[in-house]
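Q: I'm new to this structure and would like a close look at its salt bridges, with a bit of background to go with them. Here it is.

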Amino acid sequence: MDKVNIYKIKDDKNDDLIERLDEKNYFPKDNIITKEITSHYFENIDLNYSMKLYIKNGNSRRPLSWNWILNEFNINTRHYTSRPSAVLLICETQSISQNKTKRKPIKNIYAISFGHAYHVIKPYCDNNWSLNFAQHMNIEKVKSMTLLSPNSLINRKINNYVNFNTIEINSGEALNQINADLKLDENLKEVNNKISLSQSLIFGIDKANLDSLIQLIDYVNFINQTDVKNKIPYYKKINSKEMENTLNKELIENIFKDIESETEEYCINICEFKHMGDKIKFIHEFDKFYLRYKKISNPIPELNIKQLYNFIKTNLNKNNNPLEIKIELKECETGDTFEFYLKEIIIYDCKTESYILDEGTWFEYNDIYLNDMKNSIAEIDIEYEEKYDFHEEEYLKFLREKDSNYDSKTNNEKKSFKRKWYKERVFNILRERDGFICNDREIDQVDGQDLEIADLFKLDEKSMYAVKIGSNSSNLSYVIDQSLTPMRMLDNGEINIINNEEINTLNKNDIENVYIWLILKRSKLPLKNGKPDLNQFDALILKNKIDYWKKEVIMSRRKPKIKINYINF
């Protein structure tokens with residue numbers, strides 16, 4: 001049984017792949033093999049195949065498991081070694097039989113990898129081709145699936161199955177690889193029905209040859225035209241350097257468009273917090289900020305988009321790469337200094353295509369993944385009460401009650417006073433008049449770590465709340481960690497007594513409802529069934545995390561709930 005690993009090459013990447021093969025010392029053999037057949041599956045379609053082999057030599061002399069392809073090209077296998085690699089490029093031209101139509105011939109390029117050649121091919125392959133086959137293939141038995149969960153603590157898991165013949169994937173999960181037995185066409189007598197599918201299709205062929213290979217490609221393309229039988233979501237890291245460079249280029253262009261138009265609807269957002277070692281650090285808690293580009297270094301009073309764009313406008317032009325700006329954060333009390341490239345500290349969502357940049361990593365997703373996530377979020381109980389909307393008059397009234405001389409303070413003094421009585425803290429304190437227990441800034445020690453167990457409690461309703469004010473994923477996503485960490489500790493018995501005079505003890509049975517309370521700085525969301533439709537909020541990363549949060553809360557045998565309100569200043 002010979003294994004064949006088949007990739008489809010993107011339409012515009014054939015020349016790039018050939019150039020890359022040359023750079024990696026894959027040498028083309030002189031002979032080109034051509035074959036013409038009439039499609040076994042498409043009516044009135046003639047297929048012309050032109051095949052060329054590229055070989056890279058190895059180091060030690062042992063038998064090859066893929067001598068069959070060398071024999072096809074009349075290559076003496078005795079001169080080749082145990083570590084060579086090879087790529088078979090197949091150019092397929094589809095044309096209509098008997099010129100019944102003037103349709104232009106369709107060209108497709110396929111690559112078959114041998115040895116370790118898949119490393120060279122992957123950046124140029126069309127992932128949709130193999131994914132389409134997964135969606136259309138007739139499954140007899142699923143053996144195993146590797147699933148990715150980008151926002152989960154366990155971000156990769158392998159599931160093994162017995163007597164299972166459907167693909168079932170939960171929201172927030174995406175298919176990475178599947179091993180299955182298929183129901184194949186009876187004419188594919190030499191092809192084994194076992195498949196491994198990821199970016200490529202791996203089949204077993206009895207006594208593989210070029211004729212069986214092109215018949216298999218013809219069959220795969222036919223299956224891809226049939227009805228969808230398996231809905232498969234994906235949300236995956238982009239590993240292709242070329243695709244990454246293309247997306248970086250688009251992002252850079254949009255940053256400069258922002259600056260030229262002087263818009264305040266920025267295309268990027270700065271992350272509110274970063275994981276630094278084993279701790280979460282909030283950006284606003286640092287004392288000093290520096291922007292550096294090559295030999296230029298400027299201090300800035302705070303890190304925000306406006307300061308960043310001013311630096312770019314002053315010091316860079318369109319030939320420069322703003323993603324290479326270094327951001328230095330300093331903490332005076334501890335002396336700690338952290339440095340990041342701009343790309344590692346921003347979030348960017350392509351509006352026209354299904355790509356997203358999250359803290360330096362590009363991800364790609366499909367509509368099925370998006371729809372599964374939307375359906376999951378639509379199941380969450382969402383509450384809105386207008387009386388909790390936060391208005392500037394309410395905030396200023398609180399500040400004046402805390403200091404009757406507030407209005408006579410200088411701008412710097414007001415700024416300093418507001419840092420102490422920041423909006424989120426004041427919102428939580430004001431909830432005490434509504435029957436909530438405010439726990440904001442009440443820090444407890446759990447296993448030597450500082451932890452704020454919740455912003456608010458309503459113990460008569462057995463509810464705990466994590467509250468966050470913001471307008472996008474970058475400044476709202478922390479509410480998920482803020483909610484889940486104490487919930488898990490409560491379940492593990494790590495929390496008993498908390499530092500709050502109104503609560504003597506707290507155990508896991510005291511909490512049945514786990515809320516995240518989002519105070520949105522934006523126009524009101526459209527209503528669906530009388531409640532805010534969170535799926536209309538353009539914040540994919542946040543919604544990914546909310547979907548994960550929902551599952552974790554349900555697994556703890558509690559009810560996940562969301563309160564939504566708005567802030568107008």
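How many helices and strands are there in the protein, and which side chains meet in a salt bridge?

A: Happy to walk you through it. What you see is a predicted model, where local features need pLDDT of at least 70, side-chain atom pairs count only at pLDDT 80 or more, and totals for chains, interfaces and linings use all residues. Residues are numbered from 1 along each chain as its sequence is written, and side-chain values use heavy atoms, with hydrogens and water left out.

The protein has 14 helices and 32 strands; these are DSSP runs numbered from the N terminus, with helices (H or I) of at least four residues and strands (E) of at least two. Its C-alpha atoms fill a box of roughly 95 × 60 × 55 Å along the principal axes. Of the 569 residues, 51% count as buried. Buried stands for under 20% relative accessible area, exposed for over 50%, and partly exposed for anything in between (1.4 Å probe, protein chains only).

Now for the charges. There are 84 positive and 90 negative ones, and their mean positions sit 3 Å apart. Here Lys and Arg count as positive, Asp and Glu as negative, while His and the chain ends are not counted; each charge is placed at NZ of Lys, CZ of Arg, CG of Asp or CD of Glu.

In total, the structure holds 28 salt bridges, each one a side-chain nitrogen of Lys or Arg within 4 Å of a carboxyl oxygen of Asp or Glu. Let's start with lysine 194 and aspartate 181, whose side chains meet at 3.6 Å, N to O. Lysine 194 belongs to strand E10 (residues 191-197) and aspartate 181 to strand E9 (residues 174-182), so this pair ties together parts 13 residues apart in sequence. Lysine 194 is partly exposed, at 39% relative accessibility, whereas aspartate 181 is buried, at 6%.

Next come lysine 318 and glutamate 260, with a salt bridge of 2.6 Å, N to O. Glutamate 260 lies in helix H6 (residues 241-261) and lysine 318 in the loop between helix H7 (305-315) and strand E18 (326-331), so the bridge connects parts 58 residues apart in sequence. Both ends show on the outside by our cut-offs: lysine 318 is exposed at 56%, and glutamate 260 is exposed at 52%.

Lysine 313 and glutamate 262 make another salt bridge, at 4.0 Å, N to O. Lysine 313 is in helix H7 and glutamate 262 is in the loop between H6 and strand E13 (268-270), so parts 51 residues apart in sequence are tied together. Lysine 313 counts as exposed, at 54% relative accessibility, and glutamate 262 counts as exposed too, at 60%.

Rings of Phe, Tyr and Trp (its six-membered ring) pair if their centres lie within 6.5 Å; planes under 30 degrees apart are stacked, over 60 edge-to-face, and the rest tilted. One of the pairs is phenylalanine 42 with phenylalanine 222, edge-to-face at 5.7 Å centre to centre and 80° between the planes. Phenylalanine 42 is in the loop between strand E3 (33-38) and strand E4 (45-56), and phenylalanine 222 is in helix H5 (residues 210-223), 180 residues apart.
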